[in-house]
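Hi everyone, thanks for coming. I'd like to walk you through a structure that may be new to you, so please have a look at it with me.

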Amino acid sequence: MAPWHLYLMAGIYVVAGFMHFIKPRMYERIMPNYLPFPKTLVYLSGLVEIVLGIALCFGATRTLALFGIILMLAAFLPVHFYMLTSKKAAMGLPKWVLILRIPLQFGLMYWAYSYTLL
C-alpha cells in the first residue's frame, strides 16, 4: 500500500486541476503572452493535473504519473518566471513570494521523484 502522503499529493493535484475550471481567469492572467490560446492551455493543464493526480492512486499508473508530474512542473516553470516580470501576472503578490515559488517548484519535482525510488 502506498504511503498516505502520496494520496495527499494526488489530492493536491486533483484540487489544483479543478481550480483551472473554477477560476480560469486567474490562470489566464499568469500565462505568458507568447503562448497561444491561453484559455485552452488553462483548461488543458487543469485536465492534465486531474488525470495525473488520479493516476497516482493506482499502482499500475503511478510511475508514469510521477514522471508526468515532474514534466508538467518543468513545463510550468516559464509561468513562474513570467510572474516575476509582469505586474499583471504577479497578481499583487510580493516579489519574495514569487521568487520562493521557483525553488518550491523544484521541491515539488523532488517530492514526486522520491516516490519513484520506492
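**Aromatic pairs and a serine**

There are two aromatic pairs in this structure, and please keep in mind that we are looking at a predicted model.

Let's begin with Phe-21 and Tyr-43. Their ring centres are 5.3 Å apart and the planes meet at 20°, so this pair is stacked. Phe-21 belongs to helix α1 (residues 4-22) and Tyr-43 to helix α3, so the pair ties together parts that are 22 residues apart in sequence.

Trp-111 is partly exposed, with a relative accessible area of 22%, while Tyr-115 is buried, at 8%.

Finally, let's go back to helix α3 (residues 38-55), where we find Ser-45. Ser-45 has a relative accessible area of 12%, which is under 20%, so it counts as buried. What does the side chain of Ser-45 make a polar contact with? The partner is the side chain of His-20, at 3.4 Å. The Ser-45 side chain also reaches the backbone oxygen of Val-42, at 3.0 Å. If we set aside neighbours within four places in sequence, Ser-45 is in contact with His-20 and Phe-76.

Key: Residues numbered from 1 in each chain as written. Predicted model: local features only at pLDDT ≥ 70, side-chain atom pairs only at ≥ 80, totals over all residues. Heavy atoms only, no water. Helix = DSSP H or I, 4+ residues; strand = E, 2+ residues; numbered from the N terminus. Buried < 20%, exposed > 50% of the residue type's maximum accessible area, 1.4 Å probe, protein only. Polar contact = N/O pair within 3.5 Å; in protein donor to acceptor, adjacent residues only side chain to side chain. Contact = heavy atoms within 4.5 Å. Phe/Tyr/Trp six-rings, centres within 6.5 Å; stacked < 30°, edge-to-face > 60°.
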